[in-house]
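The exercises below work through one model, each with a task followed by a solution in steps. Please keep the sequence and the coordinates at hand.

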Amino acid sequence: MLLIKTKIKQSEIHGLGLFADQMVPKGTIIWKFTPAFDQKFTKEQILGFPDLLQVYIYKYSWKSAKSKLYCFSSDNGKYFNHSNHPNALSEYKDGEEEVITTAILDIQMGEEITDNYSSFEADSDSDNVLEEIAVKFNLADELDPRLKK
């Protein structure tokens, strides 16, 4: 769940992005997985969803390196874009169910908030339902920017 004020706007990185709607000092917790609000799904649950929901889950979820389940942010946290030089970083911390995203730089009001997806996503594997959905629905245009060539 987002813990700061944000806006969704067109991103120069990819599609829509998450932008700070307040000054965010370095060290501020921006987002935290919140049980009963944010969701986790198994591969079997996702494959049982209607096609349009599978595509939505593909676009806005990630496979947790910690739980190996597919996590979904129920608020605008789904609009974090990837950067190799992010201003925020998601990490697993002791005592937390899933990741916590913290500002690693001061983030100015109006600045896009970015994260390095590799810091929290499970490594790609043959059992990743998100990759299966990408192939099934020919989602090449929606590929994670890290995978585009």
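This is a predicted model: local features need pLDDT of at least 70, side-chain atom pairs count only at pLDDT 80 or more; totals for chains, interfaces and linings use all residues.

**Exercise 1. Which residue in strand 9 is the bridge partner of Leu-89?**

Residues are numbered from 1 along each chain as its sequence is written, and side-chain values use heavy atoms, with hydrogens and water left out.

Step 1. Locate the elements: strands are DSSP runs of E with at least two residues, helices are runs of H or I with at least four, and both are numbered from the N terminus. Strand 9 covers residues 99-103 and is joined to strand 8 by five bridges, the two running antiparallel.

Step 2. Read off the partner, which is Thr-102 for Leu-89.

Step 3. Three strands form an open antiparallel sheet in the order 3-9-8, and its edges are strand 3 and strand 8 (88-92), each of which pairs on one side only. From one strand to the next the twist averages 25°, with axes taken as lines fitted to C-alpha atoms (for helices, over the stretch in contact) and angles running from 0 to 180 degrees between N-to-C directions.

**Exercise 2. Describe the sheet that contains strand 6, and find the residue opposite Ser-61.**

Step 1. The order of this open sheet of three strands is 4-6-5, with antiparallel pairing.

Step 2. Strand 4 and strand 5 are at the edges with a single partner strand each, so one side of each is left without a neighbour in the sheet. The average twist from one strand to the next is 25°.

Step 3. Strand 5 and strand 6 run antiparallel and are joined by three bridges, and Ser-61 stands opposite Phe-72 in strand 6.

**Exercise 3. Trace the aromatic pairs made by Trp-31 with Phe-33 and with Trp-62.**

Step 1. Apply the criterion: rings of Phe, Tyr and Trp (its six-membered ring) pair if their centres lie within 6.5 Å, and planes under 30 degrees apart count as stacked, over 60 as edge-to-face and the rest as tilted. Over the whole structure, eight aromatic pairs are found.

Step 2. Trp-31 and Phe-33 make an edge-to-face pair, at 6.4 Å centre to centre with 70° between the planes. The pair of Trp-31 and Trp-62 is also edge-to-face, with 5.8 Å between centres and 75° between planes.

Step 3. Trp-31 belongs to strand 3 (residues 29-32) and Trp-62 to strand 5 (residues 61-63), so their pair ties together parts that are 31 residues apart in sequence.

Step 4. Trp-31 and Phe-33 are buried, as is Trp-62, where buried means under 20% relative accessible area, exposed over 50% and partly exposed in between (1.4 Å probe, protein chains only). Ring pairs link these residues, together with Tyr-117 and Phe-120, into a cluster.

**Exercise 4. Which residues touch the most other members of the largest nonpolar core?**

Step 1. Define the core as a set of buried Ala, Val, Leu, Ile, Met, Phe, Trp, Tyr and Cys residues joined through side-chain atoms within 4.5 Å.

Step 2. The largest core has 33 residues, and Ile-30, Trp-31, Ile-46 and Ile-113 touch the most other members. Among the elements that give two or more residues to this core are strand 2 (16-20), helix 2 (51-60) and helix 3 (129-136).

Step 3. Leaving out residues up to four places away in sequence, Ile-113 touches, among others, Ile-4, Leu-18, Ile-30, Phe-80 and Ile-107.

Step 4. Turn to Thr-6, which lies in strand 1 (residues 6-10) and is buried, with a relative accessible area of 19%. With the residues up to four places away again not counted, Thr-6 touches Leu-18, Phe-19, Asp-21 and Ile-113.

**Exercise 5. Where do Ala-36 and Lys-68 lie?**

Step 1. Most residues other than glycine have a negative phi.

Step 2. Ala-36, in the loop between strand 3 and strand 4, has a positive phi of about 75° and counts as exposed at 82% relative accessibility.

Step 3. Lys-68 is in the loop between strand 5 and strand 6; its phi is positive, at about 65°, and at 47% relative accessibility Lys-68 counts as partly exposed.

Conventions: Two strands pair if DSSP finds at least two bridges between them. Contact means heavy atoms within 4.5 Å.
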